[in-house]
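Subject: Structure handover

Hi there,

Here is the structure I promised to pass on to you. Have a look at it first, and then read on for what turned up.

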Amino acid sequence: MIRRYFQALTAHREGVALGVGDDAALLEPPAEGRVAVSCDTLVSGVHFPEDIPVEALGHRSLAVNLSDIAAVGGRPLWVLLSLTLPAYDAQWLEAFTQGFKGLADRHGVALVGGDTTRGALSVTITALGHVPPGGGLHRSGARPGDGIWVTGTLGDAALGLQRWQQRAGQPLTGDAAFLAARLFRPEPRVVAGQALLETASAAVDISDGVAVDVARLLEESGVGATLELDALPRSEGFIAEGGDLATLLHGGDDYELCFTMPPLGAEALEGLRRRLDVPITRIGTVESTPGLRGADGAGNVCALDVGGYDHFAVDP
Ligand SMILES: Nc1ncnc2c1ncn2[C@@H]1O[C@H](COP(=O)(O)OP(=O)(O)OP(=O)(O)O)[C@@H](O)[C@H]1O
Ligand SMILES: Cc1ncc(C[n+]2csc(CCOP(=O)(O)O)c2C)c(N)n1
Ligand SMILES: [Mg+2]
């Protein structure tokens, strides 16, 4: 099974002296700089609906892990894949590896090892990447006066999950299908993360919800902030499907980058936008007063609920 499905994913990536199929991989990291490492698990029924299209699961599993590498400004190189499957199913493996490979190839990422066991369906990926010498974005660098920015749009995936679960056997179309695609096929912001290395003072990827993930960044930085609630970027599909503020702030599964940076002149900002492959939106300002606040269109400011997805607050 490993030779058949996984060896093909070991592909051609610099620095793989020994890939899938031996007791351990042997990797040759670039001579300079740092190795970024992160791992994330996806459990069926917890991180994805049990009826997710299998090809989408292959994509999503890799995407959420590459998102963590992107959040430190890393260039992804290698991944390890630990799969727990209820049974051997050739069709399932074919579809999963197809979704995985599509994204891996686009980012030039090689699968270099993993583990395969029987049990309730779950996927764990360890991703390794490279950042330049002394580099890497942290959660802890935000300073008062910095702007708070996000890539892309928020809330789509969380609303997409609702629409998927409400679909009652009917295929999703139009805006609801767009939202489900944002859940199933997130695009890790790998180019943006690297482009922000020189510019951003802090960064985090949004997995549990922008409110709680920003709050974590602020806490690590020892600062607070006010978010402009009307500025939170929403897609046309999100608006058309009636997405609300709570979903935007607390829904999670966005896999967008949230970052802080000192104010830039118009030209420098334009230059940054050109280097990114995704739109960015300013959503707030870092302040010295701790805590997270929200300002509405009329300028009313109030404390913001920093609730987000919490594994241990949800009924098993
Ligand atoms: N069991 C564990 N052992 C050691 N470190 C852990 C463990 N679980 C989490 N961590 C570390 O704690 C930090 C926060 O992890 P967490 O999984 O909550 O956030 P994240 O990976 O940034 O977000 P997400 O999982 O939602 O993408 C990371 O540095 C992670 O490596
Ligand atoms: C079936 C189903 N139910 C709920 C959710 C929502 N969800 C689950 S885990 C998570 C945060 C990230 O997880 P982690 O912090 O473990 O990386 C979110 C927003 C989902 N995706 N699928
Ligand atoms: Mg994690």
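A quick definition before the ligands: a residue is taken to be near a molecule if its C-beta atom, placed from the backbone, lies within 6 Å of that molecule. Please also keep in mind that this is a predicted model.

**Overall layout**

The chain is divided into domain 1 (2–131) and domain 2 (147–304). Their C-alpha centres lie 25 Å apart. Domain 1 puts 18 residues into the contact and domain 2 puts in 20. On the side of domain 1 that touches domain 2, α2 and β4 (75–85) each supply at least two residues, and the largest share, ten residues, comes from α2. Sorted by class, that side of domain 1 has ten nonpolar, five polar and three charged residues.

**The two ligands**

Around ligand 2 you will find D40, G45, V46, H47, F48, P49, L161, S207, D208, G252, D253 and Y309. By class, this shell has five nonpolar, four polar and three charged residues.

**D68 and the UniProt positions**

D68 is found in helix α2. It is buried, with 24 other C-beta atoms within 10 Å. Leaving aside neighbours within four places in sequence, D68 is in contact with S38, D40, A127 and D205.

An unreviewed UniProt entry lists D23, S38 and D68 under "binding site". These positions span 46 residues in sequence and their farthest two C-alpha atoms are 26.3 Å apart, so they do not all gather at one spot. D23 lies in the loop between β1 (16–18) and β2 (26–27). Is D23 buried or exposed? D23 is exposed, with 7 other C-beta atoms within 10 Å.

In soluble globular proteins, nonpolar side chains tend to be buried together. The largest nonpolar core here has 71 residues, and those with the most contacts inside it are L111, A203, V214, C258 and F259. Helix α2 (residues 54–71) gives the most to this core, with eight residues. At least three residues of the core come from each of domain 1 and domain 2. Looking beyond residues up to four places away in sequence, F259 touches W149, L196, A200, A202 and A203. There is also a second, separate core of eleven residues, which includes A157, A158, L161 and A176. L161 is also one of the residues around ligand 2.

**Two backbone angles to check**

Most residues other than glycine have a negative phi. A168 has a positive phi of about 50° although it is not a glycine, and D253 also has a positive value, near 65°. A168 is found in the loop between α4 (156–165) and α5 (174–184), while D253 is in the loop between α9 (245–250) and β10 (257–261). A168 is exposed, with 5 other C-beta atoms within 10 Å. D253, by contrast, counts as buried, with 23 C-beta neighbours inside 10 Å. D253 also belongs to the residues surrounding ligand 2.

Conventions
Residues are numbered from 1 along each chain as its sequence is written. Chains are lettered from A and ligands numbered from 1 in the order in which they are written. This is a predicted model: local features need pLDDT of at least 70, side-chain atom pairs count only at pLDDT 80 or more; totals for chains, interfaces and linings use all residues. Ala, Val, Leu, Ile, Met, Phe, Trp, Tyr, Cys and Pro count as nonpolar, Asp, Glu, Lys and Arg as charged, and the others, Gly among them, as polar. Helices (H or I, at least four residues) and strands (E, at least two) are DSSP runs, numbered from the N terminus. A residue is buried if 20 or more other C-beta atoms lie within 10 Å of its own, exposed if 12 or fewer, and partly exposed in between; C-beta atoms are placed from the backbone. A nonpolar core is a set of buried Ala, Val, Leu, Ile, Met, Phe, Trp, Tyr and Cys residues joined through C-beta atoms within 7 Å. Domain bounds come from an automatic or database domain assignment. Two residues are in contact if their C-beta atoms, placed from the backbone, lie within 7 Å. UniProt positions are given in the numbering used here, feature names are shortened, and annotations may be inferred rather than shown by experiment.
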